[in-house]
Amino acid sequence: MELTHLDQIKEILETGELRRIEFEKTEDIEIINLFQGIYGVAYAWYAAGCRTLDDIRNKKAGIKVSEVQEIGLQHYDDINTRMPREEAHEIFVAIKETALSLDPKLFIEIMGSYRRGKSTCGDIDILITRSTEDGKTHEGILPTLLNMLQTMGIIHEHLSLPDLSVDPLEAVYRGLCVRPLREGEGPESKRLRRRIDFLTVPWINRGAALIYYTGDDIFNRSLRLKANKMGYSLNQKGLSAGVVRSPTRYTVKLCDGHMIASETEEEIFRILGVYSAAFHQVSADYECSRPSKVCLGKNLTNGYGPSKWSMLCLPVYPHGLLALGLRKLGAPATPQGRVKAIQAPSLNIVYTLPTLYKR
DNA sequence: GTACTGGTAGC
DNA sequence: GCTACC
DNA sequence: GTAC
Ligand SMILES: [Mn+2]
């Protein structure tokens, strides 16, 4: 008998894993995943006929490789090796100390997989903001901090620099770093390059930024989908009501609406009805920790078009639902083309926030 | 039978 | 429009 | 496909 998605979810919740797991191993996905480890282009290179990293290094098919992509190629193995949680911690401690030396009132947190409690981290994500109660802000901090970290030999290559001309309080940085030297270590000691990202936001947006930057990606999509169904819109700045979108071009906003929550995670979760053991006493059929992805492969049949789908992941989510990542076969094997969210509200699943969320 | 599918930034 | 972030 |  065929297992339904609901059966599979229950099995995962009850056993922690799903038997009969089959990874999606098709040539295009494998190669595009390889190329996505570079930074910058993946599907386009596959479409141009490249199949190996050397094809790209040799500029096969006349492809153009930017400066940033050359950096990605050069450090390919380093940046595609996950670091132990402890190394992320070491790097963050050094950065936090440097940042606080510039302004002791900065709010600086390590986000992403570290904040989700993972034992290894693919990169380091750092959120910076600052209380405005004394009339000051974190304006100008990030460029100064980046310069200092470069001088200290922590930050090495830049991949993407912030554009501060729109709002100097909002900045996104992407680059490569190494951990600080340990006691007794000389500069010759081998340290792997690590991907590092910084995000700065206005103080008022910190709650929404915490949610966004903690992730994971599917959790964010899932939460934003729920917000939409409730007539709201959620982004990294806040939760808004009254957003009106163009029916033809969905991303075009006809009306921005007004922000109803942004300063704390709790307020946003509360409005969205996402109860967490950290904030509320709740009863539920299941409790689960922040989503863990389970990869599996399965062909599904449906009513429209090419009828085969492959299921990529099955994370378990809060607000009594789950999301499945699906790719329609024949669709471009980009992350965008690959993922589709489906919900199962009949399962009453409670999402337990990591202890980091408590107060 | 119909509705569902994140939102934004940089280039 | 593509690639990136979560 | 799954939810309603
Ligand atoms: Mn990151």
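Against which helices and strands do the buried residues of α9 pack? In this predicted model, local features need pLDDT of at least 70 and side-chain atom pairs count only at pLDDT 80 or more, whereas totals for chains, interfaces and linings use all residues. Residues are numbered from 1 along each chain as its sequence is written, chains are lettered from A and ligands numbered from 1 in the order in which they are written, and side-chain values use heavy atoms, with hydrogens and water left out.

Helices (H or I, at least four residues) and strands (E, at least two) are DSSP runs numbered from the N terminus. Helix α9 spans residues 141-151, and its buried residues are Ile141, Leu142, Leu145, Leu146 and Leu149; buried means under 20% relative accessible area, exposed over 50%, and partly exposed in between (1.4 Å probe, protein chains only). These residues line one face of α9, because they fall within an arc of 125 degrees seen down its axis, the arc being that of the directions from the helix axis to the C-beta atoms. They pack against α7 (85-102), β2 (106-110), β4 (124-130), β5 (155-160), β6 (171-177) and β7 (194-200), contact meaning heavy atoms within 4.5 Å.

The manganese ion has Asp123 (OD), Asp125 (OD) and Asp197 (OD) as protein donors, at 1.9 to 2.1 Å. Donors are N, O and S atoms within 2.8 Å of the metal (3.2 Å for Na, K and Ca); water is not among the atoms, so sites may look incomplete. The donor spacing along the chain is D-x1-D-x71-D. Asp125 is buried, with 8% relative accessibility.
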